[in-house]
Amino acid sequence: MELVQNFPFLCIVFSLTCGVLCAVLKGRAAKILCLTWLTLTTAMSLAVLIFTLKSDSFYIYRMGKWNAPWGNEIRVGVLEALMATAFSGVMLLSLLGGMHHIFADCEPEKTNLYFTMCALLMSSLFALIYTNDLFTAYVFVEINTIASCALVMLKSSAKTLVATTRYLIMSLLGSGLFLLGIVILYGITGELLMESIAEKVRALFSTGEYSLPLTVIIGLFSVGLAVKSALFPFHSWLPDAHGSATASSSAILSGLVLKGYIIVLIKIFYRVFGLEVIMAKEISQFLFLFGVLAMICGSVGALRERDLKRMLAYSSVAQVGYIYVGIGLHSRLGLIAACVQILAHAVTKPMLFIAAGGFMDVSGGHKSMSAITGAGRRDPLGGIAFTVGALSMIGIPFFAGFVTKLELTQAALGSGNIAMVTALAAIAVSTLLNALYYVPAIFNIFSKNGQSDYKGLRVRYRADYALSCVAFVLLNIGFGAFSEYVVGAVRRGLELFGM
Amino acid sequence: MPDFLMNLFTNYYETAAMILFGIGFTTLLTHRNLIKKIIGFNFMDAAIYLFLAAKGYIAGRLAPIIVDGNTDPSNYVNPIPTGLVLTGIVVSVSVTAFMLALTCRLYDRFHTLDIDEITHLVRKERD
């Protein structure tokens with residue numbers, strides 16, 4: 001075994017350790033530790049990605065060298081390594097971009113706890129991406145829930161407290177259903193490792209035994225994880241939670257946390273049940289339907305919103321819809337589109353939230369559309385980042401969002417008649433709606449009629465904010481320009497999933 | 001249909017667990033009082049542990065601890081379900097603690113436990 005093969009395990013475990021250490025350090029020291037560690041994990045995940053791409057296969061890492069069915073395992077393939085690299089990179093940039101907000105919004109003696117939660121969140125995201133064991137997935141889903149709720153409420157105001165409560169309640173309902181699904185599945189198969197369950201499920205499916213429980217289990221997983229990843233109509237908690245938190249929290253929650261659950265769902269669908277069973281059970285048609293509705297209703301919600309951050313949050317609802325439409329098409333192309341969308345949204349939405357945080361700085365801390373009029377002129381770097389992000393969300397070629405729309409359209413063209421027409425119509429309408437709220441927002445932030453109070457105000461750039469904006473813009477354009485490599489890696493990763 | 005009913009009665013632990021899960025789930029989802037929501041959440045999780053424990057028990061078998069050199073595996077039950085219950089209890093205790101702490105802060109601020117009323121108060125504050 002080579003050294004690089006240990007990296008995924010080290011990423012998970014030392015992220016937990018880093019979280020514990022941050023809890024006893026002072027704010028500044030915790031910041032340095034957390035940022036250093038995130039830089040390291042990004043580099044390590046990149047090394048793993050290169051390793052898996054070179055060896056062109058996946059490997060199973062056994063914890064404590066115990067064999068299945070006793071040992072716990074993590075599975076590392078191209079797709080997992082790609083997601084891990086993207087997630088830890090985006091986490092690092094989101095923290096950098098909102099750093100001064102974190103120190104301004106948290107109570108001074110609690111700032112270190114923010115980094116504790118970030119480290120725990122990163123650890124749980126790594127675990128959700130890599131794990132091969134369903135119960136481990138459940139435990140880390142709960143860690144993810146607690147950490148992300150804490151990230152919302154560390155900016156202490158009445159609004160964030162209520163938003164956190166609603167978020168926590170919805171999350172708990174979701175994880176309750178998810179746990180019930182795992183328990184029933186364990187009851188009928190007696191296994192917790194994904195490959196072992198997959199074998200037994202295939203055997204049960206071919207004999208037709210336990211047909212109803214299997215349907216119920218797929219339903220429980222789908223609804224449970226859909227609630228947690230804010231699929232329409234379970235999205236009611238999202239705009240409040242993402243709209244009221246501090247800039248970095250919004251960026252991390254929108255860009256990464258929602259995707260963690262979706263990755264678990266994809267793994268369960270295609271590694272535990274397999275395409276054949278999922279298609280026979282027809283549950284994912286509901287996911288497709290709700291995905292389409294999310295694309296439309298999320299965009300309509302964003303269109304009606306007069307508050308910039310809440311508008312971005314509603315846009316996340318629509319973007320999550322794209323992922324579910326990709327999954328719901330239940331074809332390989334659809335799944336590629338879903339995974340590409342996970343990555344594209346992860347590099348785009350955090351940038352928009354970071355830019356929104358920058359606009360609030362030059363607009364007296366307000367985030368309503370009327371207050372931030374002209375903010376792009378006072379903060380040109382944030383303005384450029386916002387413009388790039390918005391164009392990417394609309395789906396202009398050469399930006400990340402276009403790649404998704406292209407892949408999703410191709411997937412839709414390859415599917416059955418009704419699904420094709422519905423998906424294409426939804427993409428068209430949603431793109432139009434996206435343009436209808438993002439283009440006015442761009443005009444608004446570059447408008448000359450800004451409120452006179454802030455007119456003379458020009459931002460003094462902080463190195464971390466500037467670095468984050470520039471890196472996000474480059475990442476986005478790079479994603480669009482070199483999309484064939486990203487799509488190729490995703491395709492290869494899914495092939496290794498057995499798709 | 002009688003078959004179906006008979007199954008429910010034979011597996012009465014599982015049936016009870018599912019009914020409890022339903023009660024907990026609806027309480028967590030629909031009740032306005034935060035403390036009752038937390039109780040509902042604990043109901044829901046306890047129901048799942050009951051289900052697991054019932055599934056993990058086989059009548060007449062012993063806990064998997066070797067006594068008197070009896071190493072035949074068919075004398076013992078599988079220890080994993082019980083292990084899962086313990087792990088699950090740890091998770092639900094920490095989530096309950098987090099939610100109780102959150103409830104304390106909300107009560108300090110608004111002097112009520114009614115989530116609808118709190119939402120209403122926050123809206124008013126914004127205007």
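Modeller: Let's start with what covers the buried residues of α16(A): the cover includes α13 (308-328), α14 (332-361), α15 (375-378), α17 (400-413), α18 (417-445) and α19 (463-481) of chain A. The model is predicted, so local features need pLDDT of at least 70 and side-chain atom pairs count only at pLDDT 80 or more, while totals for chains, interfaces and linings use all residues. Residues are numbered from 1 along each chain as its sequence is written, with chains lettered from A and ligands numbered from 1 in the order in which they are written.

Helices (H or I, at least four residues) and strands (E, at least two) are DSSP runs, numbered from the N terminus. A residue is buried if 20 or more other C-beta atoms lie within 10 Å of its own, exposed if 12 or fewer, and partly exposed in between, with C-beta atoms placed from the backbone.

Now to α16(A) itself. This helix is mostly covered, with 11 of its 15 residues buried. Among them are Gly382(A), Gly383(A), Phe386(A), Leu391(A) and Ile394(A). You can check its length too: the expected span is 1.5 Å times one less than the number of residues. For residues 380-394 that gives 21 Å, and the end C-alpha atoms are 21 Å apart, which agrees. Just after α16(A), Gly395(A) takes a positive phi of about 105°.

One of the covering helices, α14(A), leads us on to another partner. Its axis and that of α20(A) (residues 483-496) come within 10 Å and cross at roughly 125°; axes are lines fitted to C-alpha atoms, for helices over the stretch in contact, and angles run from 0 to 180 degrees between N-to-C directions. Angles under 35 degrees count as roughly parallel, over 145 as roughly antiparallel, 65 to 115 as roughly perpendicular and the rest as oblique. α14(A) and α20(A) are therefore oblique to each other. α14(A) passes α20(A) in a right-handed crossing; a crossing is right-handed if the near helix is turned clockwise from the far one by less than a right angle, and left-handed if anticlockwise.

Which residues of α14(A) and α20(A) meet? Arg332(A), Leu335(A), Ile336(A), Cys339(A), Val340(A) and Leu343(A) face Val486(A), Val487(A), Val490(A), Arg491(A) and Leu494(A). Two residues are in contact if their C-beta atoms, placed from the backbone, lie within 7 Å.

For contrast, look at a pair of helices from two chains. The axes of α7(A) and α4(B) (residues 80-110) come within 11 Å and cross at roughly 150°. That makes α7(A) roughly antiparallel to α4(B), and their crossing is left-handed. Contact residues include Leu161(A) and Leu168(A) of α7(A), and Met99(B) and Leu102(B) of α4(B). This contact has 8 nonpolar, 2 polar and 2 charged residues.

Notes: Nonpolar A, V, L, I, M, F, W, Y, C, P; charged D, E, K, R; others polar.
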